[in-house]
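Reader: I would like to know how the labels given to a structure follow from its numbers. Please take me through some of them.

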Amino acid sequence: MDSMTQSSQISSSHGFADGQNAAAKESKLSVAMDRAPITDLIHWRDPKKSGLAFGLSMLLLLSLAAFSVISVASYLLLALLCVTITFRIYKSVIQAVQKSSDGHPFKSLIEKDVSIPPETFRKHVDCGLSYINRALKQMSRLFLVEDLVDSLKLAVIMWLFTYVGAVFNGITILILANILLFAVPPIYEKNKTQIDKYMDLVRTQVNTTMAKLQEKLPGAVKSNKTE
């Protein structure tokens with residue numbers, strides 16, 4: 001009996017430790033997500049960096065709206081080359097005048113290893129592959145009408161997007177999405193309680209409507225019962 005009691009205590013202590021480790025990992029993951037660079041940018045933790053990121057992204061999108069992708073890429077690369085060549089010539093002239101032997105101004109950057117490690121590449125490929133497989137599975141489920149209600153939801157969304165596409169083009173939607181990306185998070189942080197309250201009301205109303213709709217669809221009710 002004593003050995004059984006000790007073994008049960010040991011197993012319970014191991015289970016408690018595993019639970020603590022899992023909770024610690026989840027808390028570390030949430031903290032890491034909160035401290036992610038993109039999260040800091042869209043929440044305007046550093047106004048200078050967020051303003052620079054927002055300005056550059058808007059400039060890029062507006063350039064793509066006015067010019068072709070090839071023209072924008074060519075101008076960007078040309079501007080970068082003009083800056084590096086000018087700086088290289090300037091440093092060479094300064095070294096010749098001062099008779100210094102500082103060497104190439106970009107020596108530290110040239111010697112830096114910019115190759116992608118195979119492990120990192122495989123990690124991102126595996127992560128991307130998992131997302132692709134999940135998306136393919138979801139598309140197969142929706143387009144083959146595994147759940148009639150979900151397929152009807154997709155049909156309604158696609159029908160609404162036809163009207164959106166008639167009014168806006170892709171670049172305009174990206175510009176609006178970029179503005180919302182940098183505008184919504186700080187507004188949400190300031191009015192989190194009120195927004196969550198209204199979102200809960202909308203979610204409850206949508207779930208109630210979907211439940212009533214599902215009750216009127218014999219095929220959906222039957223599939224739920226079989227599940």
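Author: Partly exposed is the label between two cut-offs: buried means under 20% relative accessible area, and exposed means over 50%. Keep in mind that this is a predicted model.

Reader: Why is arginine 45 called partly exposed?

Author: The relative accessible area of arginine 45 is 45%. Buried would need under 20% and exposed over 50%, so arginine 45 is partly exposed.

Reader: What makes arginine 45 and glutamate 189 a salt bridge?

Author: Their closest N and O atoms are 3.2 Å apart. The cut-off is 4 Å between a side-chain nitrogen of Lys or Arg and a carboxyl oxygen of Asp or Glu, so the pair of arginine 45 and glutamate 189 counts as a salt bridge. The pair links distant parts of the chain, 144 residues apart: glutamate 189 is in helix α8 (residues 170-190), and arginine 45 is in the loop between α2 (37-42) and α3 (47-66).

Reader: Is glutamate 189 buried, exposed or partly exposed?

Author: Glutamate 189 has 39% relative accessibility, so the label is partly exposed.

Reader: How many salt bridges are found in the whole structure?

Author: The search finds six. Among them is the contact of arginine 141 with aspartate 150, at 3.0 Å from N to O. Arginine 141 has 21% relative accessibility. The buried label needs under 20%, so arginine 141 counts as partly exposed.

Reader: What makes lysine 192 and aspartate 196 a salt bridge, and how are they placed in their helix?

Author: The closest N and O atoms of lysine 192 and aspartate 196 are 3.1 Å apart, and the cut-off is within 4 Å. Both residues lie in helix α9 (residues 192-215); because they are four residues apart there, about one helical turn separates them. Lysine 192, at 41%, is partly exposed, and aspartate 196, at 24%, is partly exposed too. In another part of the picture, salt bridges that share partners join Asp40, Arg45 and Glu189 into one network.

Reader: Why is leucine 52 called exposed?

Author: Leucine 52 has a relative accessibility of 54%. The cut-off for exposed is over 50%, so leucine 52 counts as exposed. This leucine lies in helix α3. Its C-alpha atom is separated by 9.5 Å from that of leucine 41, eleven residues away along the chain.

Reader: How do you know that leucine 81 can belong to a surface patch?

Author: A patch residue needs over 30% relative accessible area, and leucine 81 has 47%, so it passes that cut-off. Leucine 81 lies in helix α4 (residues 69-98). Together with Ile85, Ile89, Val93 and Val97, Leu81 makes a nonpolar patch of about 480 Å².

Reader: Which residues line the largest pocket?

Author: The lining is made by Leu56, Leu59, Leu60, Ser63, Phe67, Val72, Tyr75, Leu76 and Ala79. Helices α3 and α4 are the elements that give two or more residues to this lining. The space in the largest pocket is about 180 Å³.

Reader: What is said about residues 167-188?

Author: An unreviewed UniProt entry annotates residues 167-188 as "transmembrane region". In the model, this span is 91% helix and 0% strand, and its end C-alpha atoms lie 28 Å apart.

Reader: How many helices and strands does the chain have?

Author: The chain has ten helices and zero strands. Of its 227 residues, 10% are buried.

Technical notes: Residues numbered from 1 in each chain as written. Predicted model: local features only at pLDDT ≥ 70, side-chain atom pairs only at ≥ 80, totals over all residues. Heavy atoms only, no water. Patch = residues over 30% accessible without salt bridge, like charges linked within 9 Å, V, L, I, M, F, W, Y side chains within 5 Å. Areas by Shrake-Rupley, 256 points an atom, 1.4 Å probe, with all protein chains shown as cover. Buried < 20%, exposed > 50% of the residue type's maximum accessible area, 1.4 Å probe, protein only. UniProt positions renumbered as here; feature names shortened; annotations may be inferred. 1 Å grid on protein atoms, 1.4 Å probe; cavity = no way out; pocket = protein on both sides within 12 Å on 5 of 7 lines; lining within 4 Å. Points joined across faces, edges and corners; volume = space filled by probe spheres on them.
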